Amino acid sequence: MVLLQISEPGQSPEPHQRRRAVGIDLGTTNSLVATVRSGTPETLLDSEHQHLLPSVVHYNAAGDVTVGRTAYAQSAEDPLNTLISVKRFMGRGIEDIKTLGSQLPYDMVTGDGGMPSFKTVAGNISPVAASAQILRVLVERAELALDGALEGAVVTVPAYFDEAQRQATKDAATLAGVKVLRLLNEPTAAAVAYGLDQGGQGVIAVYDLGGGTFDISILRLSLGVFEVLSTGGDSALGGDDFDRVLAQWLAEQAGLEHDLNPFQQRELLMAARKAKEILSDQSQVEVSVAGWTGTLERQLFNSLVDPLIDKTLRSCRRALRDAGLKATDVENVVMVGGSTRTLRVREKVAEAFAQQPLVNIDPDRVVAIGAAIQADVLVGNKLGDEMLLLDVIPLSLGIETMGGLMEKIIHRNTTIPVAKAQDFTTFKDGQTAMSVHVLQGERELISDCRSLAHFELHGIPPMVAGAAKIRVSFQVDADGLLNVSAKEIVSGVEAHIEVKPSYGLDDDDITRMLKESFTHAREDMQVRALREQQVDAGRMYEDLLAALEADGRGLLNEEEYHCLEMALNGLNEIRHSQNHREIARHIEMVSKTSEEFAARRMNASIQKALAGHSLDEIEKDI
Ligand code: ADP
Ligand code: MG
């Protein structure tokens, strides 16, 4: 087997640069963007110091688009052109839409490529395009706050989203001009925000009660991997329903039970929502609506919403049953969504799971925060917290050899777990350490591959170049964790490192890297041949120079010495050139010129050995 050579340590890895990455919670009612700054995750504010961007997009005939609160303000006068709850339509077919559309005031049409679209004055707008507008606003907000273009975003999706819905979300991000580092399940993001991924093992229930939807997810965490055991919920139950029951009660108090016009309805709903939100902090609230003024006690509000909360708890029990678990198996309950601010919700959830749910992190922001933490990890700002289960190696793994070349040890698409080893050797005489650079990718040059880790093997006994035998072993366990070790066979000195090979790569990266390896295959091969030749020439030069210095004067006459020196100088001048042929010619010439010298040295060393020197000394001397 050919022994490939590795250079001595010395080059420090490139300086660490912080990359701009965000987490985006693309919600049905509200959306947010968060990032990690100085190690702390935070949601980013708009110019009016608001975290929440209402997920509302308004279109006018002139083609102007507004997003957020200004768009929401138009929903009363211009409902057909004000798109709310577009998330419910993402990735859905025309059949699904029929039932959804009937709840909302839109004209749905079949748009480009058969995708259902909203008919507006500005033309047919697909749910993907509308979502892209929301994402665009958040990305701009982040780019302003972070003072530069984003490397990418982790965008959250409900755990129950199918492939089409996930793809639609990804498409929306692409349309908004932001790279999706990964789509992350909302409940997983919430668990990550609480650092539950750091806690080892256990079952986590994520209770997410938003404006119009309720989701319960039962997750199991093991070895840093979140597995969704079951999901459940109600896509038509949320804080808006709390508003409706309370508005109904207010209408009764005001004697307005029948024939409410849309304006009165709206007034009642807004008053109800306001009162509900105040009751999360106070035990009673003064309400003035439709000519009625009175006091609303929290107690009474609780009795109004209890049946709705009970409904969510039934979903929880069902999800637990689906996961084959009991409430007591759950180690942590995470609260997500604005409606979990309602104290009654917390009380009843605590009762159902026989434990206090986690509420320290703002339930509106917890998903975006978890996504930001994950994004930070994925772009490489923080090492060591990958949460991804791999089943095959997506890209080849290998190490750097002389000449900046990538030597593959485990090839792509190998199923894990897997272990492979290859032997390498030293580059220089007397080399006692070697730097192992672990890489991922399909290309020949290390500059075209992805650097995963560096480590050093010290304590190699000094030997001539090429004599040491260093076995580099790659082992990938079932969790996709790569363990690389290097061991010098003769002395037994060993070093190893653990890396996570999927680190920061999503499917797109992998596809791109593969594509590049195909399109550059020929050029890569040529470059590889040249680099190998340069390395050979360099090694020859260094070896001979050292030998000439040590024994040249003793073993060669003046003319021979001069001749070899000239040939060596010629090799030295040409060895870094891009001229493959010239380097080959010089190697050939030097090798001819030095034949005699090599033979004489060999003889001399044999004589030395016969004179009773130890083998070690001879090796050092050669
Ligand atoms: P979504 O996930 O659907 O986008 P959110 O998580 O933003 O929704 O939740 C919005 C809901 O949270 C609304 O019904 C809103 O009234 C409710 N909400 C916001 N603040 C409070 C509060 N202080 N008390 C009770 N409910 C609240
Ligand atoms: Mg939400």
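**Entry 1: G337**

I looked up G337 and found it buried, at 8% relative accessibility, where buried means under 20% relative accessible area, exposed over 50% and partly exposed in between, with a 1.4 Å probe and protein chains only. The model is a predicted one, in which local features need pLDDT of at least 70 and side-chain atom pairs count only at pLDDT 80 or more, while totals for chains, interfaces and linings use all residues. Residues are numbered from 1 along each chain as its sequence is written, chains are lettered from A and ligands numbered from 1 in the order in which they are written, and side-chain values use heavy atoms, with hydrogens and water left out.

G337 sits in the loop between β19 (330–336) and α9 (343–353); helices (H or I, at least four residues) and strands (E, at least two) are DSSP runs, numbered from the N terminus. Leaving aside residues up to four places away in sequence, I noted that G337 touches D208, L209, G210, P363 and D364, contact meaning heavy atoms within 4.5 Å. The C-alpha atoms of G337 and D364 are separated by 5.1 Å, although the two residues are 27 residues apart along the chain.

**Entry 2: salt bridges**

I then turned to the salt bridges, of which the structure holds 33, each being a side-chain nitrogen of Lys or Arg within 4 Å of a carboxyl oxygen of Asp or Glu. In the pair K87 and E186 the closest N and O atoms are 2.6 Å apart. K87 lies in the loop between β8 (82–84) and α2 (94–101) and E186 in helix α5 (residues 186–193), so this pair ties together parts that are 99 residues apart in sequence. K87 is buried at 12% relative accessible area, and E186 is buried at 6%.

D241 and R244 also form a salt bridge, with closest N and O atoms 3.0 Å apart, and both lie in helix α6 (residues 239–253), 3 residues apart, about one turn of the helix. Here D241 is buried at 13% relative accessibility, whereas R244 is partly exposed at 47% relative accessible area.

For R471 and D423 I noted 2.7 Å between the closest N and O atoms of their salt bridge. This pair links distant parts of the chain, since R471 is in strand β25 (residues 470–476) and D423 in strand β22 (residues 418–426), 48 residues apart. R471 is partly exposed at 34% relative accessible area, while D423 is buried at 8% relative accessibility. I also recorded that salt bridges with shared partners join D306, D310, R344, E347 and K348 into one network.

**Entry 3: α8 and α9**

Which residues of α8 and α9 meet? I found R298, N302, D306, I309, D310, L313, C316 and L320 in α8 against L343, R344, V345, K348, V349, A352 and F353 in α9. The axes of helix α8 (residues 298–322) and α9 come within 9 Å and cross at roughly 40°, axes being lines fitted to C-alpha atoms over the stretch in contact, with angles from 0 to 180 degrees between N-to-C directions. That makes α8 oblique to α9, given that angles under 35 degrees count as roughly parallel, over 145 as roughly antiparallel, 65 to 115 as roughly perpendicular and the rest as oblique.

**Entry 4: α6 and α7**

Last, I noted that α6 and helix α7 (residues 262–278) pack at an angle of about 110°, with their axes 8 Å apart. That makes α6 roughly perpendicular to α7.
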